Amino acid sequence: MSSDSLKATFFAECEDLLDALSAGLGAMADGSADGETVNAIFRAVHSIKGAAGAFALTDLVGFAHKFETVLDLIRSDTLTVDADVLRVITRSGDVLADLVEAAQTESGEIPEAMDALVQSLVTIAQDAVPAAGAAATMDFAPLAFVPLDIGPISVPSSRFAIAFRPERGLFDNGHEPLHLIDALRALGDLKVECDVSAVPPLDQFDPENSYLSWTMELVGPVSEGEVRRIFDFVLGLCDLKIDRLDDASVEDDLPLAEAGQEEATAIGEPAMTGEDRGQGLAPDAPASGKQPRAASAVAAAPPTTLRVDPERVDRLINTVGELIINQAVIAQKMRAMGIPPNAEVIGDLDDYRYLAREIQEGVMAIRAQPVKPLFQRMARIVREAGEATGKTVALVTEGEGTEVDKTLVERLADPLTHMIRNAVDHGIETPEKRLAAGKSATGTVKLSAAHRSGHVEIVITDDGAGLNRERILATAQRKGLVPPDAKLSEAEIDNLLFMPGFSTASTVTNLSGRGVGMDVVKTTITSLGGRVTISSQPGQGSVFTILLPLTLAVLDGMVVTVASETMVLPLSSIVETIRAKPSDFAPIGPNGMLMSVRGSHVPVLSLGGVLGLSDHDFDCERAVFVLIQTDSSEPVALAVDHITDQRQVVIKSLEGNYGSIPGVSAATILGDGKIALIVDTEAVLKMAAPKRSNLHALALETSHDRIAHLG
Amino acid sequence: MTELPIWDENETLEFVSLVAGQQSFCIEITQIREIRRWTPVTSLPYAEASVLGVMNLRGAVIPIMDLAVKLGLPSSEPSERDVVIVVSVNSRTIGLLVESVAEIVTVKGGDIRETPAIARGEGTKSIIGLVSLDEDMSRVLDLSQLLPAQVEEVA
């Protein structure tokens, strides 16, 4: 393995560890933390430190070490977590993430907040252990690289009683009790007694079984952890009981299972144990408060996961898509051969289809990821934004387990970050204003995710002041986005936020105004096939709702024929299909045509005409009309020749090999192996729009339609 | 004016020679992925004249270009007898419609002649050299010139 790929693995692991870290910190913040939480946080930081050392990431190691020291004090109950400590360790988590990122991009940047935090960490550590103050200070020396070598403090000798009875499995796995006993002997004075009473008479003797057990007494300047570490590899393969004879504070008869699992789960912990005892704790209280936590470690053990290159999954998805198309091809050919529908082979083919669908769903599920890591990142954004604006804001999350396509999770990070920042920066008021308005000083931003009938809905709610519509309108008018005398409804004003070139903040703050406006948010979400809507109540806050498709790989579409080409219209933008009578049409202007749909008049466009495949005329009697409505437009009827089918299609991008095509978002392969283009309805309407748009119409475009989606 | 790639004098190069617009061209064999028979394509809206449409290459959607049109030569309606050369260039996969594929030509780098300066112009800028074939000669195509990394916005 090259050092580059090792590094890549390191950063991939760091990501997981940082997720675990922020999960733990989150739990501590909302009070749901138990003993294991601190252990998990400690392990995460410790593992990052350890691996970072291997890559000589000095800043990272140094900071992680100081962070770890404080965590260890918390873990050992030497330090009680109050609001201040919590704030420092939460911020430290953020800085640690920054450092990892800096190391990854090799920018060499050091987060601004780091120096101050290092100070706070050192202070906390010193205050916590006044007695061991000297030792604690020493802990902060750059010696951190070789943590095992520090330990000039003499540890008084301890006495341990060790009862050890190997099970058959221990020998099966090739372990040798003698080596263990030798290792113990190396730690100090060891008295060994072997119990041979269990050895059966020769005729019942099984040479592969284990009959011996040992009781030992060890005296030496070692900690219990060191003793236990010797048995690390045989845990579960023997009965082991280690008691500290000279220490009254230790629970008698520590159950073996607990001890075993503690060692097993605490990755990287054993290396620290001895040293920690020596420095952080008074020597006579080595294990108190720690062992009980081990029990919950069992429950919290993370499920094993598989790390797979996403490209492999994509290839699999592609192939499965092909499989489904292939099935459709066979079905079509068999029908053409005149095989009766009740023939056995048709039944088999149906099974084939179900299996293929099942595989497809399974593969899609591989790509699905819970939104939890994304939400955790947002917790950090809220903290930072709150700190920068001097507001106290709490983030409440809901539905973190909601699973969505990995690409969606990745691509949502930027728009969500922006919206959350906006919510804190513009939405939530300062504590004084909040108190004056009769609200609690702490603002709340709620982030929730849920599945809604084939879609993912992500809602960002803040309990701030709500949108300042007067200012929004004034700004839009000043910037010439709407005519000065325009009368806009509240919803229309809200949607002005999404217009390009709009930014309400009169001064661009450090937070918002980093180049991404709400229009970029909207563009991103639209490009993901989703839509975003706003609703706001003055004084009570705003709600931003994002509705996204579950996956980017397939699309529900209506297969239509246009100018002898087969095309797919996304079902999400179709309202209904209409067959019209000639009397339903009324011309408007030289080329325009309106169609009456239950009393309202909608413009009619020839899809073939817009895409340049045919002329703009259409046959009123023979054409079929598909009423479409997108986020940014009023309903429009598209004239097509036929509607053939309604089905799920696998999206194939055109960008890679060709480039973007106006009015077409992608392509797909149909049952007969032919390619059909997927129509980008929004773009089609925009392409047709210049003829009928003016400034006011533009403003109207962002109107009621969206609000209708909110419900 | 195009930069003439310096072929290594003694390097042995293999080209596939083909006919497009009734002229002989050759493409370096390493750039060719496969050669297929022409099948009807799905046409693309607002595409430039040389782009005939897209076709399904075992699940991948690849654009098909009429090489003759792309080179500014007269072209005829594609028929069953035409051939599509699938090439991979600038990390894009593209099919080139040609009239026929002739043979594989092995030449030494030193035998490739520079395109005469007088013959260079807009339509021939992707012809980077000439190869003699018995009585005839063939034009060496530089595909990365012909098919730039980013297709111009066709709007």
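1. Basis. Residues are numbered from 1 along each chain as its sequence is written, chains are lettered from A and ligands numbered from 1 in the order in which they are written. Since this is a predicted model, local features need pLDDT of at least 70 and side-chain atom pairs count only at pLDDT 80 or more, while totals for chains, interfaces and linings use all residues.

2. Confidence. In residues 506-515 of chain A the pLDDT stays under 50, and the model has 15 contacts for them beyond four places in sequence. Residues 691-711 of chain A are also below 50, with 37 contacts beyond near neighbours in sequence. Two residues are in contact if their C-beta atoms, placed from the backbone, lie within 7 Å.

3. Chain A overall. Chain A holds 24 helices and 22 strands; these are DSSP runs (helices H or I, at least four residues; strands E, at least two), numbered from the N terminus. Of its 711 residues, 38% are buried. Buried means 20 or more other C-beta atoms within 10 Å of the residue's own, exposed 12 or fewer, and partly exposed in between, with C-beta atoms placed from the backbone. Of the contacts in chain A between residues at least 6 apart in sequence, 71% join residues at least 24 apart.

4. A:Gln376. This residue lies in helix 15 (residues 372-389) of chain A. A:Gln376 counts as buried because it has 20 C-beta neighbours inside 10 Å. Apart from neighbours within four places in sequence, its contacts are A:Asp19, A:Ser22, A:Ala23 and A:Gly26. A:Leu25 is 351 residues from A:Gln376 in sequence, yet their C-alpha atoms are 9.9 Å apart.

5. Contact between chains. On chain B, 19 residues are in contact with 24 residues of chain A. Strand 4 (51-57), strand 5 (60-66) and strand 7 (92-98) of chain B each supply at least two residues of that side of chain B.

6. Strand 7 of chain B. Of the 7 residues in this strand, 6 are buried. Strand 5 of chain B runs parallel to strand 7 of chain B, joined by 3 bridges; B:Ile64 has B:Gly95 as its bridge partner there. Strand 6 (residues 83-89) of chain B is antiparallel to strand 7 of chain B, with 7 bridges, and B:Val84 is partnered with B:Leu97. The hairpin of strands 6 and 7 of chain B has 2 residues between the strands, and B:Asn90 takes a positive phi near 50° in it.

How values were computed: pLDDT = per-residue confidence, 0-100. Pairing = 2+ DSSP bridges.
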